[in-house]
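Dear colleague,

Please find the structure below, together with an account of what was found in it.

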Protein chains: 2
Amino acid sequence: MSLYMDHHRKVDGLTADAVAQAHAADEKIQGEFGVKYLNYWFDEASGQVWCLVDAPSIEAAHDVHRKAHGLVADDITPVQQGV
Amino acid sequence: MSLYMDHHRKVDGLTADAVAQAHAADEKIQGEFGVKYLNYWFDEASGQVWCLVDAPSIEAAHDVHRKAHGLVADDITPVQQGV
(Lines give C-alpha, C1' and ligand atoms only; values in the text may rest on other atoms or scores of the structure.)
Protein backbone atom coordinates (compact mmCIF):
# COMPACT_ATOMS: atom_id res chain seq x y z
CA MET A 1 0.00 0.00 0.00
CA SER A 2 1.14 3.50 -0.80
CA LEU A 3 -0.11 6.91 0.17
CA TYR A 4 -1.34 9.26 -2.57
CA MET A 5 -2.72 12.80 -2.73
CA ASP A 6 -5.17 13.36 -5.53
CA HIS A 7 -6.51 16.64 -6.86
CA HIS A 8 -9.82 17.39 -8.54
CA ARG A 9 -9.25 20.76 -10.20
CA LYS A 10 -12.87 21.78 -10.67
CA VAL A 11 -15.93 19.79 -9.69
CA ASP A 12 -19.00 21.55 -11.05
CA GLY A 13 -21.61 22.37 -8.42
CA LEU A 14 -19.43 21.21 -5.56
CA THR A 15 -21.03 21.47 -2.14
CA ALA A 16 -20.05 20.07 1.25
CA ASP A 17 -23.01 17.68 1.07
CA ALA A 18 -22.14 16.49 -2.43
CA VAL A 19 -18.52 15.78 -1.57
CA ALA A 20 -19.54 14.02 1.66
CA GLN A 21 -21.89 11.80 -0.34
CA ALA A 22 -19.16 11.05 -2.88
CA HIS A 23 -16.75 10.16 -0.07
CA ALA A 24 -19.36 7.89 1.53
CA ALA A 25 -19.80 6.18 -1.84
CA ASP A 26 -16.02 5.67 -2.02
CA GLU A 27 -15.99 4.15 1.46
CA LYS A 28 -18.80 1.78 0.60
CA ILE A 29 -16.95 0.08 -2.26
CA GLN A 30 -13.25 0.76 -1.67
CA GLY A 31 -12.73 -2.59 0.07
CA GLU A 32 -13.28 -4.35 -3.25
CA PHE A 33 -10.16 -2.61 -4.56
CA GLY A 34 -8.03 -2.79 -1.40
CA VAL A 35 -8.19 1.01 -1.13
CA LYS A 36 -8.79 3.32 1.82
CA TYR A 37 -9.73 6.97 1.26
CA LEU A 38 -8.43 8.57 4.48
CA ASN A 39 -9.49 12.21 4.35
CA TYR A 40 -10.32 15.02 1.97
CA TRP A 41 -10.28 18.80 1.80
CA PHE A 42 -12.37 20.93 -0.51
CA ASP A 43 -13.20 24.47 -1.55
CA GLU A 44 -16.76 25.08 -2.65
CA ALA A 45 -15.85 28.40 -4.32
CA SER A 46 -13.33 26.95 -6.77
CA GLY A 47 -14.66 23.39 -6.91
CA GLN A 48 -11.32 21.89 -5.90
CA VAL A 49 -10.98 18.68 -3.87
CA TRP A 50 -7.88 16.96 -2.52
CA CYS A 51 -8.19 13.34 -1.36
CA LEU A 52 -5.62 11.51 0.73
CA VAL A 53 -5.79 7.82 -0.08
CA ASP A 54 -3.95 4.65 0.81
CA ALA A 55 -4.02 2.33 -2.19
CA PRO A 56 -2.11 -0.53 -3.81
CA SER A 57 -1.72 1.56 -7.00
CA ILE A 58 -2.79 4.79 -8.68
CA GLU A 59 -5.14 2.82 -10.91
CA ALA A 60 -6.86 1.20 -7.91
CA ALA A 61 -7.48 4.63 -6.37
CA HIS A 62 -8.95 5.87 -9.66
CA ASP A 63 -11.07 2.71 -9.99
CA VAL A 64 -12.83 3.41 -6.70
CA HIS A 65 -13.74 6.99 -7.69
CA ARG A 66 -14.80 5.80 -11.15
CA LYS A 67 -17.12 3.12 -9.82
CA ALA A 68 -18.44 5.05 -6.80
CA HIS A 69 -19.40 8.33 -8.47
CA GLY A 70 -17.47 8.77 -11.71
CA LEU A 71 -15.43 11.75 -10.55
CA VAL A 72 -11.90 10.59 -11.31
CA ALA A 73 -9.13 12.91 -10.07
CA ASP A 74 -7.23 15.11 -12.53
CA ASP A 75 -3.91 14.49 -10.78
CA ILE A 76 -2.65 11.94 -8.30
CA THR A 77 0.80 11.86 -6.74
CA PRO A 78 2.53 9.34 -4.48
CA VAL A 79 3.34 11.13 -1.22
CA GLN A 80 5.03 10.72 2.11
CA GLN A 81 3.29 12.26 5.10
CA GLY A 82 5.23 14.66 7.27
CA VAL A 83 3.65 14.50 10.70
CA MET B 1 -8.69 31.11 11.99
CA SER B 2 -9.25 29.32 8.73
CA LEU B 3 -7.93 26.13 7.23
CA TYR B 4 -5.88 26.31 4.03
CA MET B 5 -4.16 23.81 1.74
CA ASP B 6 -1.06 25.15 0.05
CA HIS B 7 0.87 23.66 -2.85
CA HIS B 8 4.54 24.01 -3.73
CA ARG B 9 4.71 22.86 -7.34
CA LYS B 10 8.43 22.13 -7.55
CA VAL B 11 10.96 22.54 -4.76
CA ASP B 12 14.43 21.97 -6.20
CA GLY B 13 16.42 19.28 -4.41
CA LEU B 14 13.52 18.27 -2.19
CA THR B 15 14.29 15.51 0.29
CA ALA B 16 12.41 14.18 3.30
CA ASP B 17 15.07 15.69 5.56
CA ALA B 18 14.93 19.09 3.86
CA VAL B 19 11.17 19.34 4.08
CA ALA B 20 11.23 18.19 7.72
CA GLN B 21 13.75 20.92 8.50
CA ALA B 22 11.62 23.50 6.72
CA HIS B 23 8.55 22.37 8.65
CA ALA B 24 10.47 22.58 11.93
CA ALA B 25 11.52 26.12 11.00
CA ASP B 26 7.85 26.99 10.36
CA GLU B 27 6.85 25.57 13.74
CA LYS B 28 9.55 27.56 15.50
CA ILE B 29 8.24 30.96 14.37
CA GLN B 30 4.60 30.43 13.42
CA GLY B 31 3.36 31.61 16.82
CA GLU B 32 4.50 35.13 15.98
CA PHE B 33 1.96 35.14 13.15
CA GLY B 34 -0.86 33.26 14.89
CA VAL B 35 -0.40 30.39 12.42
CA LYS B 36 -0.28 26.62 12.90
CA TYR B 37 1.12 24.37 10.17
CA LEU B 38 -0.72 21.10 10.88
CA ASN B 39 0.69 18.53 8.46
CA TYR B 40 2.32 18.16 5.08
CA TRP B 41 2.70 15.65 2.27
CA PHE B 42 5.48 15.58 -0.28
CA ASP B 43 6.89 13.76 -3.28
CA GLU B 44 10.64 13.77 -3.63
CA ALA B 45 10.50 12.73 -7.30
CA SER B 46 8.46 15.71 -8.50
CA GLY B 47 9.43 18.18 -5.76
CA GLN B 48 5.82 18.85 -4.80
CA VAL B 49 4.70 19.68 -1.26
CA TRP B 50 1.22 20.24 0.14
CA CYS B 51 0.88 21.92 3.54
CA LEU B 52 -2.28 21.97 5.64
CA VAL B 53 -2.30 25.11 7.74
CA ASP B 54 -4.60 26.89 10.15
CA ALA B 55 -4.05 30.63 9.80
CA PRO B 56 -5.80 33.95 10.30
CA SER B 57 -5.23 34.79 6.62
CA ILE B 58 -3.48 33.61 3.46
CA GLU B 59 -0.89 36.35 3.91
CA ALA B 60 -0.09 35.18 7.45
CA ALA B 61 0.49 31.63 6.21
CA HIS B 62 2.81 32.94 3.47
CA ASP B 63 4.62 35.18 5.98
CA VAL B 64 5.63 32.17 8.09
CA HIS B 65 7.10 30.29 5.11
CA ARG B 66 8.81 33.46 3.88
CA LYS B 67 10.49 34.17 7.22
CA ALA B 68 11.25 30.56 8.17
CA HIS B 69 12.88 29.34 4.95
CA GLY B 70 11.82 31.52 2.03
CA LEU B 71 9.88 28.80 0.23
CA VAL B 72 6.52 30.50 -0.29
CA ALA B 73 3.78 28.29 -1.73
CA ASP B 74 2.74 28.67 -5.38
CA ASP B 75 -0.94 28.20 -4.54
CA ILE B 76 -3.00 28.35 -1.37
CA THR B 77 -6.70 27.64 -1.09
CA PRO B 78 -9.16 27.98 1.80
CA VAL B 79 -10.53 24.50 2.51
CA GLN B 80 -12.98 22.61 4.64
CA GLN B 81 -11.83 19.23 5.95
CA GLY B 82 -13.98 16.22 5.24
CA VAL B 83 -13.29 13.76 8.02
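**The interface between the chains**

Chain B and chain A bury about 1,700 Å² between them, with 59% of it on carbon and sulfur atoms; buried area here is the accessible area (1.4 Å probe) that two parts lose on being put together, summed over both. The size of an interface is often given in this way, as the accessible area lost when the parts come together.

Please note that this is a predicted model, in which local features need pLDDT of at least 70 and side-chain atom pairs count only at pLDDT 80 or more, while totals for chains, interfaces and linings use all residues. Residues are numbered from 1 along each chain as its sequence is written, chains are lettered from A and ligands numbered from 1 in the order in which they are written, and side-chain values use heavy atoms, with hydrogens and water left out.

The contact takes 22 residues from chain B and 22 residues from chain A, where contact means heavy atoms within 4.5 Å. Across this interface of chain B and chain A the rule finds zero salt bridges (a side-chain nitrogen of Lys or Arg within 4 Å of a carboxyl oxygen of Asp or Glu). Eight residue pairs are in polar contact there, both residues at pLDDT 80 or more. A polar contact is a pair of N or O atoms within 3.5 Å; within protein, one must be able to donate a hydrogen and the other to accept it, and residues adjacent in sequence count only if both atoms are side-chain atoms.

On the side of chain B that touches chain A, two or more residues come from each of β1 (2–8), α1 (16–29), β2 (36–43), β3 (48–55), β4 (75–78) and β5 (80–81) of chain B. Helices (H or I, at least four residues) and strands (E, at least two) are DSSP runs, numbered from the N terminus. The most comes from β2(B), with six residues.

**Symmetry**

A rotation of 180° with 0.0 Å of shift along its axis superposes chain B on chain A, with an RMSD of 0.0 Å; copies are superposed by least squares on the C-alpha atoms of residues with pLDDT of at least 70 in both. That is the relation of a two-fold axis. Of the residues of chain B, Trp50(B) comes closest to the rotation axis, at 5.0 Å (C-alpha).

Five strands form an open antiparallel sheet in the order β5(A)-β2(B)-β3(B)-β1(B)-β4(B). Two strands pair if DSSP finds at least two bridges between them. Within chain B, seven bridges join β2(B) to β3(B), and Phe42(B) has Val49(B) as its bridge partner in β3(B).

A further open antiparallel sheet of five strands has the order β4(A)-β1(A)-β3(A)-β2(A)-β5(B). Its edge strands are β4 (75–78) of chain A and β5 of chain B. Two bridges join β2 (residues 36–43) of chain A to β5(B), where Gln80(B) is the bridge partner of Phe42(A).

**Salt bridges**

The whole structure holds eight salt bridges over all chains. One of them links the side chains of Lys67(A) and Glu32(A) (2.7 Å, N to O).

With kind regards
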